[in-house]
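Hello,

Here is the structure I promised to pass on to you.

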Amino acid sequence: MCKAKADDTPMNLFAETRSSGWWLAQVLRQFLRVVPGVTLALVVYLTVARITRLLAFLLPLKVILLAGSSGIPHYFRPFLADDQKNLGIVILSAASIAFYALTLFLEGHTRRLSDKAGADLMSAASVMSLVDNQRTEMQGNYARFMQIVSGGLFVLAGMVVLAVLAPLLAAYLCGLGLFFYALTAWALRGVTPLNGNRLADFITGQLGSYLNILSSVAFLSGFLIILLPFLREGGANVLVAIICFMLLRQMTSAMTGAVRDIVTLAQKRQLVDTLVFPNRQFHPSERNDQRTLRQLFGREERERLIAGALAPVREEGETLRIGWLDTSVQGMAEFSIVLEGTNGQERHFRLRVFAPRLRRMLENEDLLFRHVSRESVWAASIVARFTHGEHECIIYEAGTGVAPKGAAFTQAHQAFVANLWSVSVPAALVRTYSATHKAMQKRLTRDLVARMEIAVDTNEDADILARFLKALPAIRKTIAELPLCLNHPAFPPGDVAVGADGSPRVFGGWGQWSLMPLGAGLPASFLADDKYEGLLAQMRLRSPDMPASHLGQRQLIVVSACAQMERSILQGRMKAALTHAERAVTEMEATRRMAA
């Protein structure tokens, strides 16, 4: 009820409540049609289980009161004589244990009934498999619906009991509940991604925390109402106060759980409808972050934002052109920006918009560029950075705005890799990275290599694996001797533009940087033997001080093949891993023969 709506209309809690209530009634009616007996039994069992759990924790308090009193308290005298105190303690203790055991039995029985009912509902709906563990999903949804109904009945029954025992408390809780609902409706009234407030953001973004706060306020303030009779002359009934206290705690917990379950189910309403109703089909809805992105960065809004962000660098008379760019990164939007002067000269920029779930990538990128300059690794320079809604926005300088093509793209990629190899990695960055990432030579353990045994089909395969295991200590030593260098995960054309100096400028991928031994992480297009020496030559040319004079093609082939082997093993491609292992061990053996 408190989550963003599926369209662009402002939030209206009253309308959402009516819609959710009607939907819940429809689903429950379908349950009663398909599995009527089990549904009714589950509601009864769950409600009774809540009551028995309450009694299981209430009776021990009565035992303590009875045991701590000098005689028989007046509220026990209708049931116990003056000389039956010990008997009362025994009976109440046994009853507490019995109620707790009954609670466990009922909860266990409801799980079995829920599993059976979920399976029957799946059979009645006759749907194809839409999600992983679909039967478990249906059973979990059914159990949630039953918890909602039993929780509501428990709260209603509790209010009746409170109305009899403590009318003031019952009236206060009703009023407080209406106040909470009105407050929430007021906070969410008219809210859209472009028109929000802090309270609405808290409710929609952290609903669980918001409900816990309301529950705590209701419980603590209700506790003060329970204490009021003790502050008046004439005292109050201790037993009634304890019952009201325990009932208040259970009621607030049940209400919070019911609201949370309703919102959880409403978020996957289309899936629930498809699994429950035979005549409803599944159609995936737009993701919340995609919908918010569309609302926050519509044509007029993005023009306003970009014009404001580029105001410090925009010259008088320059016109602004903005275009959408398709991107393969989920959760990110990208726009091309052109500032055209009166003389026809153009300046190019690139805006990237990151959803909140990509914040980790930005944090990793920021960490890298606290230690390494963007210019040194040919990363596109940042012109402006700002936040809009929950989205992080970065405008990059895009050079000529044109990506290299054909042979020029291959040359630019090779030059980019060689430049990364030539960058001296600061010791502080190595320490930070090593604190959370194990070095490659330490990852290549016998246990990891032994996973390839499943793909050994011939004597030749067995020989490759045996040779690699025998050479593993020397391979690990070779890898450890290689210098660490920055590794960029990819070089897609959409992430690259030619700079004013002719060198490539790379926009993305920096949030997935890593430190790897020289030669590891090379793309597949660079694995030909004739590419290795060319990369080493470019690296030496760019950084004469780099300790690479002793490095040769065979060492790079060994580490590159081992990196490919490790990736293949982790992906479950064991036959490919054996191929890479054969290449690594062959080059390692050739290196030994040359040394001898």
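**Cores, pocket and helices**

The largest nonpolar core has 32 residues, and Met452, Phe468, Cys562 and Met565 are the ones that touch the most other members. Helix H16 (446-450), helix H17 (459-481), helix H19 (553-570) and helix H20 (574-595) each give two or more residues to this core. H17 gives the most, with nine residues. Please keep in mind as you read that this is a predicted model.

Leaving aside residues up to four places away in sequence, methionine 565 touches Leu444, Val449, Met452, Phe468, Ala577, His580 and Ala581. Apart from this core lies another one, of 25 residues, which includes Trp23, Leu46, Met138 and Phe277.

The largest pocket has a volume of about 1,200 Å³. Its lining is made up of 36 residues, and Gly177, Tyr181, Met255, Thr256 and Val259 lie nearest its centre. Two or more lining residues come from each of helix H1 (13-34), helix H4 (134-165), helix H5 (167-188), H7 and helix H8 (238-267).

Is serine 215 buried or exposed? With a relative accessible area of 13%, serine 215 falls under the 20% cut-off and therefore counts as buried.

As for the record, the unreviewed UniProt entry annotates residues 30-48, 55-75, 87-106, 145-164, 170-188 and 209-231 as "transmembrane region". I looked at two of these spans in the model. Residues 87-106 are 100% helix and 0% strand, with end C-alpha atoms 28 Å apart. Residues 145-164 are likewise 100% helix and 0% strand, and here the end C-alpha atoms lie 29 Å apart.

Tryptophan 378 has a positive phi of about 65°, although it is not a glycine. Tryptophan 378 belongs to the loop between helix H12 (359-371) and strand E4 (382-388). Its relative accessible area is 10%, so tryptophan 378 is buried.

Best wishes

Definitions and conventions. Residues numbered from 1 in each chain as written. Predicted model: local features only at pLDDT ≥ 70, side-chain atom pairs only at ≥ 80, totals over all residues. Heavy atoms only, no water. Buried < 20%, exposed > 50% of the residue type's maximum accessible area, 1.4 Å probe, protein only. 1 Å grid on protein atoms, 1.4 Å probe; cavity = no way out; pocket = protein on both sides within 12 Å on 5 of 7 lines; lining within 4 Å. Points joined across faces, edges and corners; volume = space filled by probe spheres on them. Helix = DSSP H or I, 4+ residues; strand = E, 2+ residues; numbered from the N terminus. Core = buried A, V, L, I, M, F, W, Y, C linked by side-chain atoms within 4.5 Å. Contact = heavy atoms within 4.5 Å. UniProt positions renumbered as here; feature names shortened; annotations may be inferred.
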